[in-house]
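Please look through the sequence and the 3D structure shown here before reading on. The report that follows moves from single residues to the wider fold.

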Amino acid sequence: MVTRPEWRDARHDGATALVLAGFLLLTGCSAQPADDHGGRERPTPKPAATGTLEELAEKAGCEPNVQTDAAELRQANCRTDEGRYVLTTFATDRGQREWINEADDYGGSYLVGRRWVAVGEAEVVAALRGRLGGTVETASPHHSGDSGEGGSEDGHSGHRPG
């Protein structure tokens, strides 16, 4: 009579458990709860759109009025039924992050995608998110009010709808 050593069964069972755990981990990480605890189903977030300034503007339903056309960034004023906003595309991820870090000092709502940002009122940004996907970032202004300049943002170029 031939029998298998016990360690072979343990190794086979361990490998099966490992594969099963990996499968559960993968499916568990991508699954969303069936509802939002209010009885409504929660929609799966839309992936962020990609493309040129003009392609993103078209997806958002706007005719872009290009204000800046430089190697590191392109920026346009846009208007839709929801309101006005500024749409900016960047040549690099680093350039985008540096721009956002500087713009955060002025407050506002930002819809952020891969190498693009849309800036406008919170309601406008929320509506754009439905068309472009992305992540909403909100920043509080950091002006001290003690500068004697009245907290004007006229000197900052780049993120106020015009």
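Arg-115 lies in the loop between strands β4 (106-113) and β5, where helices (H or I, at least four residues) and strands (E, at least two) are DSSP runs, numbered from the N terminus. This is a predicted model, in which local features need pLDDT of at least 70 and side-chain atom pairs count only at pLDDT 80 or more, whereas totals for chains, interfaces and linings use all residues. Residues are numbered from 1 along each chain as its sequence is written, and side-chain values use heavy atoms, with hydrogens and water left out.

The backbone of Arg-115 deserves a note, for its phi is near 65 degrees, a positive value in a residue other than glycine. Most residues other than glycine have a negative phi. Arg-115 is partly exposed, with a relative accessible area of 32%; buried means under 20% relative accessible area, exposed over 50%, and partly exposed in between (1.4 Å probe, protein chains only). The C-alpha atom of Arg-115 is separated by 8.9 Å from that of Arg-94, although the two residues are 21 apart along the chain. Arg-94 has its place in helix α3 and is exposed, with a relative accessible area of 65%.

**The chain as a whole**

The secondary structure of the protein chain comes to four helices and six strands, and these follow the pattern α-α-β-β-β-α-β-β-α-β when read along the sequence. Of the 162 residues in the protein chain, 29% are buried. Contact means heavy atoms within 4.5 Å, and among contacts between residues at least 6 apart in sequence, 49% join residues at least 24 apart.

**Two nonpolar cores**

A nonpolar core is a set of buried Ala, Val, Leu, Ile, Met, Phe, Trp, Tyr and Cys residues joined through side-chain atoms within 4.5 Å. The largest one has 17 residues, and those with the most contacts inside it are Tyr-85, Leu-87, Leu-111, Trp-116, Ala-118, Leu-128 and Leu-132. The elements that give two or more residues to this core are α2 (53-60), β2 (73-80), β3 (83-90), β5 (116-120) and α4 (122-132). Apart from this core lies another, of 10 residues, among them Leu-73, Ile-100, Val-112 and Val-119.

Leu-132, from the largest core, touches residues that include Pro-47, Leu-56, Ala-60, Leu-111 and Trp-116, when residues up to four places away in sequence are not counted.

Ile-100, from the other core, lies in helix α3 (residues 93-103) and is buried, with a relative accessible area of 0%. Leaving aside its neighbours within four places in sequence, Ile-100 is in contact with Val-112, Val-117 and Glu-137. The C-alpha atoms of Ile-100 and Glu-137 are separated by 9.5 Å, while the residues are 37 apart along the chain.

**Two helices that cross**

The axes of α2 and α4, which are lines fitted to C-alpha atoms over the stretch in contact, come within 8 Å and cross at roughly 105 degrees, with angles running from 0 to 180 degrees between N-to-C directions. That makes α2 roughly perpendicular to α4, because angles of 65 to 115 degrees count as roughly perpendicular, under 35 as roughly parallel, over 145 as roughly antiparallel and the rest as oblique. Leu-56, Lys-59 and Ala-60 in α2 meet Leu-128, Arg-131 and Leu-132 in α4.

**The disulfide**

The structure holds one disulfide, a term that here means a pair of cysteine sulfur atoms within 2.5 Å. Cys-62 and Cys-78 form this disulfide, with their sulfur atoms 2.2 Å apart. Cys-62 lies in the loop between α2 and β1 (65-69) and Cys-78 in strand β2, so the pair ties together parts that are 16 residues apart in sequence. In general, a disulfide is a covalent bond between the sulfur atoms of two cysteines.

**Exposure of selected residues**

| Residue | Relative accessible area | State |
|---|---|---|
| Cys-62 | 9% | buried |
| Cys-78 | 4% | buried |
| Ser-109 | 8% | buried |
| Glu-121 | 54% | exposed |

**Around Ser-109 and Glu-121**

Ser-109 has its place in strand β4 and touches, among others, Ala-118, Val-119, Gly-120, Glu-121 and Thr-138, not counting residues up to four places away in sequence. Glu-121 lies in the loop between β5 and α4, and its C-alpha atom is separated by 7.1 Å from that of Gly-108, a residue 13 places apart along the chain.
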